[in-house]
Amino acid sequence: MADLHPANPYAKENFPDPAKTIEFPPDAKKRFDNILTRYPNKEAALLPTLHLVQETWGWISPEAVHYVGELLDLSPATVFGVVSFYDMYDQKPVGKYRLRVCTNLSCMVSNAYDIYEHLCERLHVKPLETTKDGLYTVVEVECLGSCGTAPVVQVNNDYHENMSVERMDALLEKLK
Amino acid sequence: MDPIKILTANIDKPDSTSIDTYIAAGGYESAKKALAMKWEEVIQLVKDSELRGRGGAGFPTGMKWSFVPRNAPRPTYLLCNADEAEPGTFKDRVIIEKDPHLLLEGMIISAYAIGSNPMAYIYIRGEFHYGAMVLIKAIGEARAKGFLGKNIFGSGFDFDITVHRGAGAYICGEETGLIESVEGHRGQPRVKPPFPAVVGVFGGPTVVNNVETLACVPLIVKNGADWFKSFGTPKNTGPKLYCVSGKVKKPGVYEFPMGVNLKELIYDHCGGITGDKQLKAVIPGGASAPMLKPDEIDLPLNFDAVMKAGSMLGSAGIIVLDETVCIVDAVWRLSKFFAHESCGQCTPCREGTNWMESILDRLERGEGRQQDADLLLDMSDNIGGKSLCALGDAAIGPVISSVKKFRDEYLHHVTHKTCLPGTKRYRRLDMAVGAH
């Protein structure tokens with residue numbers, strides 16, 4: 001289904017490259033230590049730690065999966081199982097701006113698919129692909145919880161509500 | 001019926017998220033009052049108010065709390081369900097983003113009532129990044145004033161809250177899926193029994209409550225059970241947030257006493273249908289709720305009346321569809337949603353939701369067969385009541401109700417290979433299905 005999830009679990013790209021060692025930079029390490037204090041065991045800290053990995057490196061690489069496993073005394077398979085379950089964890093590098101277009105029912109009847117189709121055409125990408133300049137990834141997502149201001153597009157962490165094709169174009173001008 | 005501002009009393013104030021604004025309006029007095037009561041009295045008060053859960057199931061909150069055993073071998077936990085992902089629902093977001101302290105105070109009182117250990121979690125969906133930041137800031141403010149942390153309000157009760165962000169999974173709004181996700185697992189629901197009140201997160205008794213439910217608690221403690229029951233009707237009490245979206249002129253969150261009339265809500269308060277078109281269908285309670293036709297919408301929006309009409313109030317996410325919407329297209333989109341969000345554990349849901357999506361997809365592409373509508377009903381029968389959690393039952397809601405009430409649209413797709421004249425297909429058939 002998704003290009004952001006590698007198709008072949010045995011592909012070389014899913015194995016960590018032993019030449020690449022990976023470690024949290026100091027400020028991320030501090031945040032990680034704080035996260036650990038808030039849970040009764042290490043496994044429960046997995047989701048927040050993965051969010052921290054995604055914030056630090058933009059995506060969750062095989063090296064990161066192994067690193068998180070070491071930090072939390074979990075097997076890489078367990079960590080990978082969690083990474084692959086949740087939609088927000090990206091297993092491939094994504095563009096600087098993730099353009100998440102909601103196309104669920106209320107947004108759909110407010111013409112969200114017009115925006116989605118327009119983005120793919122204007123940026124010359126297929127759904128889930130990243131533009132060649134590495135700036136944008138276009139993703140169709142499920143309900144974002146903003147149906148009253150449909151259609152809604154989430155760009156990285158921010159919600160952009162009451163969108164239209166014109167407003168999307170104007171927004172893209174600002175996102176460089 | 002006139003709208004009210006009880007739960008939404010603070011949201012329009014400048015700096016509404018600040019603890020000072022909240023305290024100036026009398027905030028945190030209820031927490032002090034509750035902490036001076038016996039925990040049994042707090043539970044009885046909430047029972048007397050007839051508060052029912054606002055997450056979707058409408059289970060009586062006081063009763064849920066009373067199931068928690070005291071002196072259990074493992075710690076008791078309160079988990080706030082802020083994983084608002086039911087299509088059509090956006091009410092919890094208003095409280096989280098504009099009056100976070102109402103939620104925090106509700107959690108303090110609820111945690112005290114159930115005998116919670118010193119840590120509770122707000123499970124907020126990952127996409128609500130802004131909401132998570134607002135909550136984290138509010139928690140910091142509460143800690144600074146000694147309202148959270150050790151010996152809160154000098155009461156001897158230790159209590160703190162951590163914001164636990166989800167990562168994009170609708171099924172984590174199911175209480176046991178949420179519990180699994182807090183434990184750091186794939187958010188796959190558990191078999192019940194045992195129910196969370198007995199064995200929940202980290203093996204201990206757990207109460208999972210929705211944001212809006214918890215937000216009602218400080219108001220009940222402040223004003224009493226009779227005051228709460230003065231809104232709405234017996235067993236369907238309290239102020240209620242309603243979300244209206246889709247083809248209405250004024251979509252948004254509206255607050256009324258429980259039981260506002262659905263027809264009145266759509267036509268009087270939300271300005272009627274966009275473009276003054278004809279109404280075709282209303283989904284009253286989020287994507288899982290069976291559809292209602294225009295002649296069925298003259299009813300009060302409370303748990304019991306909507307259930308009697310063959311649907312459910314659920315999360316009060318009201319989606320309005322007009323004459324221009326192709327019902328097969330709309331149901332395809334909802335089926336795709338459920339197929340995508342199925343956790344995959346159990347065969348009826350995992351296979352069934354995907355098969356329903358394929359059948360509806362074929363119908364849209366002009367490859368439908370005469371028996372497809374009945375096949376969808378047959379398939380729904382194999383899923384309903386036979387899946388591990390309620391997602392299976394939710395997925396069949398729109399399918400069964402649309403086949404029963406709009407069979408003509410399905411048949412038209414089979415014979416004419418297009419949508420009914422005058423209706424529009426919103427999806428793009430030539431684009432790959434791209435939700436990841």
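At what angle do the axes of helix H2 (residues 29-36) of chain B and helix H9 (residues 211-223) of chain B cross? In this predicted model, the two axes cross at roughly 70° and come within 9 Å. Because angles of 65 to 115 degrees count as roughly perpendicular, H2(B) is roughly perpendicular to H9(B). The crossing of H2(B) past H9(B) is left-handed. On the H2(B) side, the contact is made by Glu29(B), Ser30(B), Ala31(B), Lys33(B) and Ala34(B). Their partners in H9(B) are Pro218(B), Val221(B) and Lys222(B). By class, this contact between H2(B) and H9(B) holds four nonpolar, three charged and one polar residue.

Chain B also meets chain A. The contact involves 52 residues of chain B and 43 residues of chain A. H13(B) supplies the largest share, six residues. The chain B side comprises 23 nonpolar, 17 polar and 12 charged residues.

Chain A contains seven helices and four strands. Read from the N terminus, its elements follow the order α-α-α-α-β-α-α-β-β-β-α. Along the principal axes, the C-alpha atoms of chain A fill a box of roughly 50 × 35 × 30 Å. Chain A has 176 residues, of which 43% count as buried. Contacts in chain A between residues at least 6 apart in sequence were also examined: 60% of them join residues at least 24 apart.

Terms used. Residues numbered from 1 in each chain as written. Chains lettered and ligands numbered in written order. Predicted model: local features only at pLDDT ≥ 70, side-chain atom pairs only at ≥ 80, totals over all residues. Contact = placed C-beta atoms within 7 Å. Helix = DSSP H or I, 4+ residues; strand = E, 2+ residues; numbered from the N terminus. Nonpolar A, V, L, I, M, F, W, Y, C, P; charged D, E, K, R; others polar. Buried ≥ 20, exposed ≤ 12 C-beta atoms within 10 Å, placed from the backbone. Axes fitted to C-alpha atoms, helices over the stretch in contact; angles between N-to-C directions. Parallel < 35°, antiparallel > 145°, perpendicular 65-115°, else oblique. Left-handed = near helix turned anticlockwise from the far one by under 90°.
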